[in-house]
Structure formats: structure tokens, C-alpha cells
Amino acid sequence: MEGYLPISHDDIIDPVLYSDEGRLHRMLSELRHTDPVRWTEPSNYRPFWALTKHADVMEVERQSSQFIVGPRNRLVTVEEEERVKAKTGGKPLMRTLPTMDDPDHRKYRNVSRRWFQPGSLQALELQLASLSKEYVDLMEAANGEIDFVRQVSVWFPLRVIMLILGLPEQDAEMMHRLTSQLFSPHDPDTARQTDGHAIAEAGAELFAYYRDVLEERRKNPRGDLASEIANATVDDAPINDHEALSYFVSITAAGHETTAGAIAGGIHALSASPDQYKLLRSNPNLLAKAVEEILRYVSPVRSFMRVAVNDYELRGQRIRGGQSVLMIYPSANRDEEVFEDPHAFNIERSSNEHIAFGFGPHVCIGLALARLEMKHFLKEFVTRINHVELAQPTIWVKNNFLGGPKRMKVSCTFAN
């Protein structure tokens, strides 16, 4: 890729830069080559080490006792950190799997583990196929001219998660609004009108919604994941309200925002690479490889953080105990030392050791579900649509935590 101008500390966290795919990957390529473990002191954020190499991210992910998540797990402004502390009395806003270290992480992961195992997911196959057909039908009814993100990709995975949790479909719009505010507080299209950094307020509204769900499922358990969480036991004691509510929010938000970004980013990549789209249509056996290449190429999770417990040396840099490291996944997934021609979108890629949803003990618990959703949707899409192209320039989410297209108008030609 073309060279990048000198990289400022603020560039590395700038949500606007993360909405410009070309500029983002030029910057990350420059960091990988010149400063892969970079001390960063951005405005309005506590400092950290930025990690951009695949091997370094995996090294940190593997060592969950040396690099922990509890003190700091994502990029949040100092202002928002203070707002959360004021609202919670200094406690974390939520206790979720991404914010827990062992032994709690392992115990709470077991609460929902069986729901995301292959045997359980097989029971969803018919419903995933039906939902995929419903949304491609919607595209056909619109004569193939549609904002794919706003009308399709944000709703398909959200409907799946709400189905698993046993939530009413009519609550989907409210759920999408609040989870977007929680995960994309800097984007003007999702930020709350009263405060562009109101993670705490969005979390509080989601807690209020789920408190009713929690109470109802404890009185009247059903065969859904919400009932499983509400009535779970940890260390032979009932799960407490705060951790149950946190679990609900985490499953809902992470379970649809990341998959929505991957699906939209995947259709964007296929639209921009007509040869790859033709190849996939002519060879459905490439679906599984296409899903993996989309996850690598899009990398919907932009970053996560860890905190060093003790001093640690990485590429000659001394990371002090208590200092934070930022793992930048879009960079790791385009590392030239791991991926041949990393900036090319290639669904026939023979080796694809991407870490789009993390690695090691904290790998995303819903990764198998995300893969299954993407496989079913892509199968329906490529079977029925002869040709897809971008009708307008795509606008990407302004977010340094989760990414993907925000507005993406496509034009499709359907098979007879």
C-alpha cells in the first residue's frame, strides 16, 4: 500500500479514521513495519501500547494470567470512564465475559456454552434458512435497490439473537438503538442526543429492559437462553442480578453488532470484487472459505485491551506491570508475515489463520453461531442474486471498537 504520513497518537484511536478503510489500513501497515509495539498517549484517553502484529496479538491473547481484562478491556475516553464511575460508585458498568478473568471467566462462560455448541446450533438451521429467505425476499420486493445495512444486515443477526433469548420481535428496533449507543458512542448517527459519550445511559436503559425479562423468566422459565441465564448457578449459588443483566446485554449487543458488521462488510467486499462473487456463485463449496475470508478482511471487532500484571518484554519494548495494551485486529489480520497478499479479498485463500473474533481463552463464545448465520445468509444471497454492485459510496461506522458499513446502497439483479 502507499506510504502514510507521520502517525500521531490521536490517529491510532480516531473513530473517524476507522471509518476510512483505505486510510486506516495505510496507517496500520506503516505501524506494522516501523513501530509494531508503540507507546501511545492520545488526547482524552489513558495511554497504552498499540499492538499491530498478528504474532504479538496472539502472544498477549494466549497469556490470560499475565494480560488481564478486568481493569480495562476497551478504548473508552477518560470522560466516559469518570461518568461510569460516578454512576456505579466505582464499580464496572457490567460484568460480562469480555470483562472477566479466570476463574470467573471460565465459570460464567459455562452458563451459556451449550447454546453455542454445534449440536445446539443445528437446531437453528431451518430458522436461519427461513430468516435468510425473508431478508432476500425483502431485497427482491424492493427491485434490488436497497440500503443493505439499514434494511437487512442489522436486523438479520439481531432477529437470530432475540430468537435464541426468547424476546419479542417488536423490541428489535429499541434493542438496536441502545446497543448501537453502547458500542458506537462516537458516531453521530448512533450517539445519544443528550450526550455523544453516554455509554452509561445506554447501559442503564438496557438493564431496565432486561430486569423485567429476568424477573419473568425466574417466575416462568422457558426453553430459551434468557431462562438459562436467569436461573443459572455459579459456585452452587444463584447468579446475582447484576451479572445476569450484564450477561443479557453482552449476548444481545455482541451477538448482533459484530455479525451485522461482518455480513455487511462481506457483501461490500463481494460487490467490489465481481470476479470473487462470480466464483462463489459458480462454486457453492467455497461458502465456508468465503465466510472465513470475510471475517479476516472485514475484522468487525476493531480492538480490545488487556492490562499487564507484571513487567513483560515484547519486541524489545518493556511493558510495565499495570500498563495497557491495545490489540488492533484489522492490522493483525492483514499482517504480511502471515497472509499472502493480505489486502486482496480472496475467497480461495488456502491459509487463513485470522483472529477476527479473538484467540485463546477469550475467543468469542458466539463465533460458531456467527459463522452459521453468515453461511446461511450468503447461500441464499448468492443463489438468488446474479449480480450485486454498490450503487453509492459506502459510509462506514465511526468507531474504534466495532466496525463495518453504516450506509450501503446496493443494486442487485435477481436470477429468473
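Three strands make up an open sheet in the order S4-S14-S11, and their pairing is antiparallel; strands here are DSSP runs of E with at least two residues, helices are DSSP runs of H or I with at least four residues, both numbered from the N terminus, and two strands pair if DSSP finds at least two bridges between them. Strand S4 (145-147) and strand S11 (385-390) stand at the edges with a single partner strand each, so one side of each has no neighbour in the sheet. From one strand to the next the twist averages 30°, where axes are lines fitted to C-alpha atoms, for helices over the stretch in contact, and angles run from 0 to 180 degrees between N-to-C directions. S11 and strand S14 (residues 409-414) run antiparallel and are joined by five bridges, and within this pairing His 387 stands opposite Thr 413 in S14. Helix H6 (residues 125-141) packs on the sheet and touches S4, S11 and S14, its direction making about 90° with that of S14; contact means heavy atoms within 4.5 Å. H16 also packs on this sheet, touching S11 and S14, and its direction makes about 100° with that of S11.

The model is a predicted one, in which local features need pLDDT of at least 70 and side-chain atom pairs count only at pLDDT 80 or more, while totals for chains, interfaces and linings use all residues. Residues are numbered from 1 along each chain as its sequence is written, and side-chain values use heavy atoms, with hydrogens and water left out.

In the loop between H6 and S4 lies Asn 143, which has a positive phi of about 60° although it is not a glycine. Another backbone feature is the cis peptide bond that joins Asp 102 and Pro 103, with omega about 10°; Pro 103 belongs to the loop between helix H3 (78-88) and helix H4 (104-112).

A further open sheet has five strands in the order S1-S2-S10-S7-S3, with mixed pairing. Its edge strands are strand S1 (37-40) and strand S3 (67-68), each of which pairs on one side only. Strand S7 (residues 303-308) and strand S10 (residues 324-328) pair in the antiparallel sense over five bridges, and the bridge partner of Arg 306 in S10 is Val 325. Helix H2 (residues 54-62) packs on this sheet, where it touches S1, strand S2 (48-51), S3, S7 and S10, and its direction makes about 125° with that of S10.

The structure holds two cavities of 30 Å³ or more; on a 1 Å grid over the protein atoms alone, a cavity is a set of points where a 1.4 Å probe fits but cannot get out, and lining residues have an atom within 4 Å of a point. The second largest cavity has about 30 Å³ of space, a volume being the space filled by probe spheres set on the points, which are joined across faces, edges and corners. Its lining consists of Ala 262, Ile 263, Ile 267, Ile 294, Met 374, Phe 377 and Leu 378, and helix H12 (241-272) and helix H16 (367-384) each supply at least two of the lining residues.

Finally, the structure holds 30 salt bridges, each a side-chain nitrogen of Lys or Arg within 4 Å of a carboxyl oxygen of Asp or Glu. In one of them the side chains of Asp 11 and Arg 23 meet at 3.7 Å, N to O. Asp 11 lies in the segment before helix H1 (21-34) and Arg 23 in helix H1, so the pair ties together parts that are 12 residues apart in sequence.

Key
1 Å grid on protein atoms, 1.4 Å probe; cavity = no way out; pocket = protein on both sides within 12 Å on 5 of 7 lines; lining within 4 Å.
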